Amino acid sequence: MRQIPEDIEEQTAEVNMTGGTAEKLQSSEPTQGIVETITDGVTKGVKELVVGEKPRVVPKPGDGQKIYEIDPTLKDFRSHLDYRYSEYKRIRAAIDQHEGGLEAFSRGYEKLGFTRSAEGITYREWAPGAHSAALVGDFNNWNPNADTMTRDDYGVWEIFLPNNADGSSAIPHGSRVKIRMDTPSGVKDSISAWIKFSVQAPGEIPFNGIYYDPPEEEKYVFQHPQPKRPESLRIYESHIGMSSPEPKINSYANFRDEVLPRIKRLGYNAVQIMAIQEHSYYASFGYHVTNFFAPSSRFGTPEDLKSLIDRAHELGLLVLMDIVHSHSSNNTLDGLNGFDGTDTHYFHGGPRGHHWMWDSRLFNYGSWEVLRFLLSNARWWLEEYKFDGFRFDGVTSMMYTHHGLQMTFTGNYGEYFGFATDVDAVVYLMLVNDLIHGLYPDAVSIGEDVSGMPTFCIPVPDGGVGFDYRLHMAVADKWIELLKQSDESWKMGDIVHTLTNRRWLEKCVTYAESHDQALVGDKTIAFWLMDKDMYDFMALDRPSTPRIDRGIALHKMIRLVTMGLGGEGYLNFMGNEFGHPEWIDFPRGPQTLPTGKVLPGNNNSYDKCRRRFDLVSFSCAITFPH
C-alpha cells in the first residue's frame with residue numbers, strides 16, 4: 001500500500017505524542033505516471049476554472065492557531081491539535097510538490113478510468129495487487145487475450161484503444177466493460193473503480209460497468225446558474241426511488257417534474273438527495289456504495305440527473321448530495337472490496353478495515369491513492385453534475401477508531417483528542433473541505449457527527465475541520481425521549497437546553513426527525529403522537545379524537561420550536577412535513593444472518609417504500625414564508 005510521502009521539507013512531530021494515529025505513515029512516492037499526466041494539464045485546468053477574472057484556487061494553509069482564541073479550553077490539547085495541523089500541512093506540501101497542487105490532484109478522473117481523446121480511448125486502473133490485467137467487454141466479445149494491459153512501477157495498469165478506421169470509438173457508448181485480473185485471490189472480473197455508469201440487467205445479480213460517452217447531441221447542457229448560498233438553509237431531505245405515491249422505484253425525471261415544484265411551494269430552499277452513488281443493494285438506502293462515480297441507474301441516466309439538478313436551480317433550490325466517504329460496500333462482485341485480490345487495496349487490513357455493525361469496508365485515509373480517489377470523487381460531483389454541496393454521511397465513524405460504537409460522548413475534550421482519534425481521517429476531512437471551499441466558494445459542506453467534535457465547523461486555516469454545518473442529531477433523540485413520557489414530564493428548560501446546546505461559532509442543521517426515524521423498526525413523530533388513530537380518525541367525514549387533536553397540535557409545535565431554536569439550518573425528510581403515515585420498508589426477501597438466524601422479508605414489496613403525497617394537498621402541509 002503506497003502511503004503519503006514523508007520526505008517533505010516541513011517535517012512533523014513524532015506519532016507517539018498524545019493523539020497520534022496508531023501507526024506512522026510509511027514513506028513512499030506517489031504514482032509518478034499519473035503525476036506527470038495530471039500536472040501537464042495544471043495550467044490548462046486553472047485557466048478553465050475561471051469565475052469572472054479570478055481563477056478558483058485552494059488557499060494556502062494558515063497557521064491553525066485561531067482555534068485557541070475561539071475556545072481557550074483547547075490549549076490543554078495543543079499537542080494533539082498542533083500535530084493534527086502539522087500532518088495536514090505536510091500532506092498539502094506533498095501534494096503541492098508531487099502533484100502540482102490540490103486542484104490538479106483532485107482531477108484524477110481525467111486520467112484514471114476511461115478517458116477519450118481525438119485519437120482513441122485510454123483506460124487506466126490502479127490495481128497493484130493484480131498479476132495481470134485485460135480490458136474485456138461487449139466490444140471485444142469478452143476475450144481476455146484481445147486487449148491486455150501493461151503495468152507501471154506503481155501498480156497502474158493501462159491500455160490505449162485507437163479509434164476504428166472510420167473514426168468511430170473502439171468501445172461503443174452504452175456497451176458493457178470490465179477489467180479481468182489475475183489476482184492473489186484468483187481470476188476476477190471487476191467494474192472499474194472510476195466507472196461513470198453501471199447497470200444491473202433484468203434477471204441478473206451482478207452489475208456491469210457501462211462505457212458512458214454519449215454523442216454531443218445527447219449530452220445535457222445546463223441552462224441555469226447555480227443559486228447563491230442562502231443565509232439560512234431549509235433542507236428537504238429526499239430519496240428519488242421512494243418519492244412516488246405509487247409502489248415502484250421512481251425516476252429522476254418524475255422527481256424533477258412532480259416533486260421539485262412541491263418542494264419549492266413548501267418554502268424550502270435546498271433539496272438534499274440520498275442514494276445518488278450507485279449501490280447494488282437497494283435496501284441499504286444508498287449507504288453501501290459500490291460505484292462511487294456513477295449515479296444510480298435505477299432512477300435513470302446521468303443526463304436525467306443533470307436535468308433534475310438544472311430544474312432545481314431554475315427554481316432557486318440548492319441541490320445537496322448525501323455523499324458516502326465513511327465506508328464502502330463489502331460487495332466483491334460490483335464494488336471496491338478485494339478489487340485487486342487483496343484485503344488492503346483501498347482499505348485498512350484486518351479488523352480495522354471492517355465495520356462490524358455496518359458490515360462494510362473502511363477506507364485507509366493514510367493512502368495516497370485513496371486520497372486521490374476520494375478527493376476526485378467529491379470534485380467530480382460538484383464539477384460534472386453541478387451539485388451545490390454535500391452532506392457527508394457517517395463522519396463520527398470516520399474520526400474515531402472505535403467509530404462511536406459502544407461509546408458515550410460526555411463532552412470531555414479528552415474523548416475527542418486522544419489515541420482513539422483517527423488523525424488520517426480527520427486530515428482527509430480537512431483536505432476535502434479545503435477543496436470544496438477553495439474551488440466552489442458557494443458550496444455547502446455539512447457533516448453528520450453525533451460526537452460533538454470541537455473545531456468541527458471552524459475553517460481549516462484557523463485549525464478546524466472545515467465544515468459549514470454540523471448535523472445536530474441530539475435534537476431528534478430528545479423528541480423521541482419526550483414522546484415516550486407523559487405530557488407532565490416535559491420540561492421546557494430541558495427542551496430549550498437541548499435545542500440551544502451547540503458550540504460558539506459552529507453552525508448546526510437541526511431537525512425534529514429525518515429518514516432515520518421513519519425506517520421500519522422505529523416510529524415517526526406523527527406515529528408516536530397518534531398511533532393507530534391515524535388510520536380511522538383523520539378523515540374529513542368523521543370526528544377526530546383527542547389523541548388526533550393533541551397529535552396535530554404537537555406535530556406543528558415541535559417543528560416550530562425546533563426550527564426557531566435548534567440551529568442555523570433546518571431539515572425535514574420528505575413526507576414527514578404532513579405526518580406521513582406508517583414507516584419506510586425497502587423491498588426485501590428473507591435474510592440469513594451469520595449466526596444462522598433467518599430474518600423474514602416483506603415479499604419484496606414496495607408498498608412501504610413510497611411517499612403518499614396523494615393523501616394531502618399543499619394547503620394542509622406546513623409551508624415556509626418565501
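1. Two strands pair if DSSP finds at least two bridges between them. In this predicted model, strands β3 and β4 meet that criterion, since they pair in the antiparallel sense over four bridges. Within the pair, Thr-115 has Thr-122 of β4 as its bridge partner. A hairpin of three residues leads from β3 to β4.

2. The pair belongs to an open sheet of four strands, ordered β3-β4-β7-β6 and with antiparallel pairing. Strands β3 (113-116) and β6 (150-151) stand at the edges; each has a single partner strand, so one side of each is left without a neighbour in the sheet. Strand β4 (residues 120-126) runs antiparallel to β7 (residues 156-162), and seven bridges join the two. Arg-124 stands opposite Glu-158 of β7 in this pairing.

3. Some totals place these elements in context. The chain has 626 residues, and 57% of them count as buried. Its secondary structure comprises 16 helices and 26 strands. Of the contacts between residues at least 6 apart in sequence, 74% join residues at least 24 apart. The accessible surface comes to about 25200 Å², and carbon and sulfur atoms account for 52% of that area.

4. A further antiparallel pair is formed by strand β8 (residues 176-183) and strand β9 (residues 186-190), joined by five bridges. Arg-180 stands opposite Asp-189 of β9.

5. A three-strand open sheet, also antiparallel in its pairing, has the order β17-β19-β18. Here β17 (328-329) and β18 (354-355) stand at the edges with a single partner strand each, so one side of each lacks a neighbour in the sheet. Strand β18 is joined to β19 (residues 360-361) by two bridges, and the two run antiparallel. The bridge partner of His-354 in β19 is Arg-361.

6. Arg-361 also takes part in a salt bridge with Asp-343, at 3.1 Å from N to O. Because Arg-361 lies in strand β19 and Asp-343 in the loop between β17 and β18, the pair ties together parts that are 18 residues apart in sequence. Is each partner buried or partly exposed? Arg-361 is buried, with a relative accessible area of 0%, whereas Asp-343 is partly exposed at 32%.

7. The structure holds 42 salt bridges. One of them joins the side chains of Lys-306 and Glu-303, at 4.0 Å from N to O. Both residues lie in helix α7 (residues 302-314), three residues apart, which is about one turn of the helix. Lys-306 and Glu-303 are both buried.

8. Another salt bridge links Asp-531 with Lys-523, whose closest N and O atoms are 3.4 Å apart. In this pair Asp-531 is partly exposed, with 26% relative accessibility; Lys-523 is likewise partly exposed, at 31%. Elsewhere, Glu-103, Arg-107, Glu-110, Arg-379 and Glu-383 are linked in a network of salt bridges.

9. How many disulfides does the structure hold? There are zero disulfides. Cys-457 is in none, as the nearest cysteine sulfur, that of Cys-508, is 6.4 Å away, and a disulfide requires two cysteine sulfur atoms within 2.5 Å. Cys-457 counts as buried at 7% relative accessibility, and Cys-609 counts as buried at 0%.

10. Thr-498 is placed in helix α12 (residues 492-500). With a relative accessible area of 11%, Thr-498 is buried, because buried means under 20%. Which residues does Thr-498 contact beyond its neighbours within four places in sequence? They are His-472, Ala-474, Val-475 and Lys-478. Val-475 is 23 residues from Thr-498 along the chain, and the C-alpha atoms of the two are separated by 6.4 Å.

11. On the surface, Met-492, Val-496 and Leu-565 form a nonpolar patch with about 240 Å² of accessible area together. Leu-565 is found in helix α16 (residues 546-565). At 32% relative accessibility, Leu-565 counts as partly exposed.

Note on methods. Residues are numbered from 1 along each chain as its sequence is written. This is a predicted model: local features need pLDDT of at least 70, side-chain atom pairs count only at pLDDT 80 or more; totals for chains, interfaces and linings use all residues. Side-chain values use heavy atoms; hydrogens and water are left out. Buried means under 20% relative accessible area, exposed over 50%, partly exposed in between (1.4 Å probe, protein chains only). Contact means heavy atoms within 4.5 Å. Accessible areas come from the Shrake-Rupley method with a 1.4 Å probe; for residues, only the protein chains shown count as cover. Patches are made of residues with over 30% relative accessible area and no salt bridge: like charges are joined within 9 Å, nonpolar side chains (Val, Leu, Ile, Met, Phe, Trp, Tyr) within 5 Å.
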